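Me: I am new to this structure. Can we go through it in short questions and answers?

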Protein chains: 2
Amino acid sequence: MSSNDSNPGFDRRTLLAALAATPALPGIVLPISTPAQAAEGSDPLPSWNDGAAKKAILDFVRVTTDPASKDFVPLAERIAEFDQDGTLWVEHPIYTQVTYCLEHVPDLVKAKPELKDREPFKAVLSGNGEALAQLSLRDIFEIVLATQSGMDVEAFREDVRHWLAEAKHPRWHRPYTDLIYQPMTEVLNFFRANGYRNFIATGGSGGFVSEYSEKVYGIPPQQVAGTEQAIKFGYDKDKKPILTQEPKLVLDNMGAGKIQNFWLIYGCRPNAAFGNSSSDDQQMLEYVKAGGGARLSVAVLHDDAVREYAYGPAQGLPNTAVGTFSQEMYDMAKEQGWIVVSMKDDWKRIFAFQ
Amino acid sequence: MSSNDSNPGFDRRTLLAALAATPALPGIVLPISTPAQAAEGSDPLPSWNDGAAKKAILDFVRVTTDPASKDFVPLAERIAEFDQDGTLWVEHPIYTQVTYCLEHVPDLVKAKPELKDREPFKAVLSGNGEALAQLSLRDIFEIVLATQSGMDVEAFREDVRHWLAEAKHPRWHRPYTDLIYQPMTEVLNFFRANGYRNFIATGGSGGFVSEYSEKVYGIPPQQVAGTEQAIKFGYDKDKKPILTQEPKLVLDNMGAGKIQNFWLIYGCRPNAAFGNSSSDDQQMLEYVKAGGGARLSVAVLHDDAVREYAYGPAQGLPNTAVGTFSQEMYDMAKEQGWIVVSMKDDWKRIFAFQ
């Protein structure tokens, strides 16, 4: 099922170059000059500059794990929830999973030629960056459901594994799994070392993220909750029971869906939450912060056009195809006492490879 | 919201006595004479009689945890899935959660008097055991959704906690949480001690089971997957964000739903599964057994009318309102090499209090 095997004529670089060149999907390539910092003594967050954000994270973990603190949280109840795209790894110029699905459209059209002249598939096949940049969320959902359906759940994961081993980000020319934010890796490790169980709540498909979550984030598939399509039990030609993915949305993590589905699946209010997008992290951050005792809500602001990207209305920048930080969410963060992380000011470095 | 506080005129005993007296819901009360057995040396399953079932469980754990075995499973991948009703605790004369919901019908009708003359609510209010025994699964779903909706998710859990502290099973006159099968507690502990993560996949509501799962089974809410109703984000009168339960089914664990939803939520095929009902465990047990390497599928047969209950077509007994073991599932178990546990022959004792 790898698009690379079956579609030699389909050029990933053309697609990504087109995406990166469109004004609504900035892919500014600039020299990366920030040197990697070595861990400083016993600092659990060495890639963070000293400041209010780093202090708030350290303080939160201290007061919730010190048995003498009034905000102590028993070990079994320590839960932290992390958005993925734009919070744990790069989401520009477009979500990694969407790139995966776009690259699978030629395969899909080969199997179902009637889709060739139908939007949004036609726009994808054209490779026209402007047309691609116009795709709505609804179009993207349609593409995701169409390209990920009919497949055995285990075969899907294998296909994702093969794709991730070959695909490269158009700006850094590295595997997507290299583009994890090093400061967030440190947060995951710091929380874990203090007895927290880390969960991912993503707008993407849980099955996609589950393929690498353990290896890359130390988070097992059982702790990854995504926007989920239906799974159907049946039998293959040898009468062996199988599960296949169906083109039907069952759990939608957009908007308030992320925190609704977190409760539905995991049955608790997290103690801490990290996100970055008004479109699907805001209610999660609100709900977490509104709980009793010490609660930590952290919103990552993409304000570093040099080392990563800068986007979103909170900085007077235009909206983009990926999650943005609205002025409303910015005001809410200040009013409710969330922590806003400036990638530019709070992070010494962005990636482990730097 | 406790029915005991607000409905002094509603008599739990009348309802349960009526349920227990109906022919389709046998509630045979007989003297319990099996003495409790002390743990024998280092036997991890002291409440199990020696036999094929006990041996299969011990062998499975040994070969999947011995690094020298060809069937070794790495620590991070050891997953066991357990049905609850009829597998971990008593499901007769009717599922505990359904009893909870039935007892909340008077509260509901007080709030919505228009339901008083409508079925299935009318039948519940009548307290007529025969009418209650006729309730279909659809009726029961309607009652569950109606009684559990509109409530804040945290308030619901608190109400369940209060109810469980007072409610008693009509046969043993003990809290429902005392009616856990001691041999299965030993299995949970044995698996956990060998690095397995235990999960509950229940036809009931995850929110109901999550209230006591950690305390009673050592399984945290994050590892409980149920039939789930929608959760809705909103604000209370003080503009505080809240989550409420809605009368809409989102994940249905009936039939093949249990294994479909297990993959959807937890993204893996369990190594071992334990169930007892043809109506919602069969496909789970099939799918688990069909995986590669060593796989354990265990079906508990309720064949002990003296110490617990005996029911189901596999023994030529009638169907009941709760999960039953069909002849088809019995044949499938034999053909595919599942383990069928006879409660009568394989279990030395049933409950910890004996």
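Me: Is A:Glu142 buried, partly exposed or exposed?
Reply: This is a predicted model. Buried would need under 20% relative accessible area, and exposed over 50%. A:Glu142 has a relative accessible area of 30%, so the residue counts as partly exposed.

Me: Which residue forms a salt bridge with A:Glu142?
Reply: A:Glu142 lies in helix H7 of chain A, and its partner sits in the loop between H4 and helix H5, 24 residues apart. The closest N and O atoms are 2.6 Å apart, and the partner is A:Arg118.

Me: Where in chain A are the two partners A:Lys258 and A:Asp83?
Reply: Their side chains meet in a salt bridge at 2.8 Å, N to O. The pair links distant parts of the chain, 175 residues apart. A:Lys258 is in helix H12, and A:Asp83 is in the loop between E1 and helix H4.

Me: Is A:Lys258 buried or exposed?
Reply: The cut-off for buried is under 20% relative accessible area. A:Lys258 is at 1% relative accessibility, so this residue counts as buried.

Me: Which backbone nitrogen does the side chain of A:Asp66 reach?
Reply: A:Asp66 is in the loop between helix H3 and strand E1 of chain A. At 33% relative accessibility, the residue counts as partly exposed. The side chain of A:Asp66 reaches, at 2.8 Å, the backbone nitrogen of A:Ala68.

Me: How are the two copies related?
Reply: A rotation of 180 degrees with 0.0 Å of shift along its axis superposes chain A on chain B, with an RMSD of 0.0 Å. The copies are therefore related as by a two-fold rotation axis.

Me: What area is buried between chain A and chain B?
Reply: In the interface, 39 residues of chain A are in contact with 39 residues of chain B. Carbon and sulfur atoms give 61% of the buried area. That area is about 3400 Å².

Me: How many salt bridges does the rule find across the interface of chain A and chain B?
Reply: A:Glu154 forms a salt bridge with B:Arg269, the closest N and O atoms being 3.2 Å apart. Across the interface of chain A and chain B, the number of salt bridges found is two.

Conventions: Residues are numbered from 1 along each chain as its sequence is written. Chains are lettered from A and ligands numbered from 1 in the order in which they are written. This is a predicted model: local features need pLDDT of at least 70, side-chain atom pairs count only at pLDDT 80 or more; totals for chains, interfaces and linings use all residues. Side-chain values use heavy atoms; hydrogens and water are left out. Helices (H or I, at least four residues) and strands (E, at least two) are DSSP runs, numbered from the N terminus. Buried means under 20% relative accessible area, exposed over 50%, partly exposed in between (1.4 Å probe, protein chains only). A polar contact is a pair of N or O atoms within 3.5 Å; within protein, one must be able to donate a hydrogen and the other to accept it, and residues adjacent in sequence count only if both atoms are side-chain atoms. Copies are superposed by least squares on the C-alpha atoms of residues with pLDDT of at least 70 in both. Contact means heavy atoms within 4.5 Å. Buried area is the accessible area (1.4 Å probe) that two parts lose on being put together, summed over both. A salt bridge is a side-chain nitrogen of Lys or Arg within 4 Å of a carboxyl oxygen of Asp or Glu.
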